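Trainee: I am new to this structure. Could you walk me through it, one step at a time?

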Amino acid sequence: MSEPYRADPEQDPELSKLAAQGYARRNEEGAAKREEERVAEAHHLNAALGEFLGSSKSNAPLVAAGLGGLGILLAVLVGGWTQALGVIGAFVAFISLFAWNLMLPKVSPEEIARERAWSASFPFILEGYFEVLSRPPSAARSLVYELRWRDGITPPSITVLEGVFAVADPGACVERIDEEGARVRSGVISGDTGTRVNRQPVYRNHKIPPHVHDVVEKALVPLAKSHPIVSATING
């Protein structure tokens, strides 16, 4: 947040007043931008975790689609004036099903809490997971795992480390390894949902949670038993 404007006693009062208004406007716009970023981050996080956690969608569009289908059925059985109702019903059913397909599952605070509890349940500190999920999605991305060993341990060889990671991610490669830690880059993680709106593809971070779970549980936890890890930081 910007510092409030401090008036210069030697400055023209009207000019100082104008400058104070400018600083106030800058602070307001800064606060509005931070709120927009917070809302966007929450949306990306919800989109990333909803499918993975099996969160539920609203049933309202399905109810509307059912009513639309009823209108179609009446048009077929009764005919006459109900034909107009059938046309309306077909339109309502199509729009409702399309909306339901685009609708994101709603992740509850309890589900978020369980996921945070999972991330804090290991013998090392896991950092960056929720930050990566909250970033704007893209068509594809790679994650970088920065590992820091406990002081005084002998690190694994590069072939062992790469092989252990390959159990969870065959495309992973070791970029650095030494006595202090290691850097491993994941294979490509797709953000494509197979859905398009106005001919534009819809991307989400929905494939990152299962990827991170696999790497942590299948690679980092077994690795930490022989080569203790202090922290694992995820960047994307």
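This is a predicted model: local features need pLDDT of at least 70, side-chain atom pairs count only at pLDDT 80 or more; totals for chains, interfaces and linings use all residues.

Trainee: Thanks! In which helix is serine 119 found?

Mentor: The helix in question covers residues 109-119. Serine 119 is therefore part of helix H4.

Trainee: Is serine 119 buried or exposed?

Mentor: Buried means a relative accessible area under 20%. Serine 119 has a value of 10%, so the residue is buried.

Trainee: Which residues does serine 119 contact, leaving aside its neighbours within four places in sequence?

Mentor: Let's start with its side chain, where a polar atom lies 2.8 Å from the backbone oxygen of arginine 116. Leaving aside neighbours within four places in sequence, the contacts of serine 119 are Leu126, Tyr129 and Phe130.

Trainee: Where do the buried residues of H4 sit around the axis?

Mentor: The buried residues in H4 are Glu111, Ile112, Glu115, Trp118 and Ser119. They span an arc of only 115° around the axis, so they are on the same side of H4.

Trainee: And which exposed residues are on the face turned away from the buried side of H4?

Mentor: Let's look at both faces. Covering the buried residues of H4 are, among others, helix H1 (13-53), strand E1 (125-127), helix H5 (129-133) and helix H7 (208-226). The face turned away from the buried side carries the exposed residues Pro109 and Arg114.

Trainee: What kind of aromatic pair do tryptophan 118 and phenylalanine 122 form?

Mentor: Tryptophan 118 is buried at 14% relative accessible area, and phenylalanine 122 is buried at 15%. Their ring centres are 5.1 Å apart, with 85° between the planes. Since planes over 60 degrees apart count as edge-to-face, this pair is edge-to-face.

Trainee: Now to aspartate 169: how far away is the nearest side chain of opposite charge?

Mentor: Aspartate 169 lies in the loop between helix H6 (158-168) and strand E4 (173-177). Although buried, aspartate 169 has no salt bridge. The nearest side chain of opposite charge is arginine 185, at 10 Å.

Trainee: Which backbone nitrogen does the side chain of aspartate 169 reach?

Mentor: Contacts of aspartate 169 beyond four places in sequence are Ser186, Gly187, His211 and Val215. At 2.8 Å, its side chain reaches the backbone nitrogen of glycine 187.

Technical notes: Residues are numbered from 1 along each chain as its sequence is written. Side-chain values use heavy atoms; hydrogens and water are left out. Helices (H or I, at least four residues) and strands (E, at least two) are DSSP runs, numbered from the N terminus. Buried means under 20% relative accessible area, exposed over 50%, partly exposed in between (1.4 Å probe, protein chains only). A polar contact is a pair of N or O atoms within 3.5 Å; within protein, one must be able to donate a hydrogen and the other to accept it, and residues adjacent in sequence count only if both atoms are side-chain atoms. Contact means heavy atoms within 4.5 Å. The arc is that of the directions from the helix axis to the C-beta atoms. Lys and Arg count as positive and Asp and Glu as negative; His and the chain ends are not counted. A salt bridge is a side-chain nitrogen of Lys or Arg within 4 Å of a carboxyl oxygen of Asp or Glu. Rings of Phe, Tyr and Trp (its six-membered ring) pair if their centres lie within 6.5 Å; planes under 30 degrees apart count as stacked, over 60 as edge-to-face and the rest as tilted.
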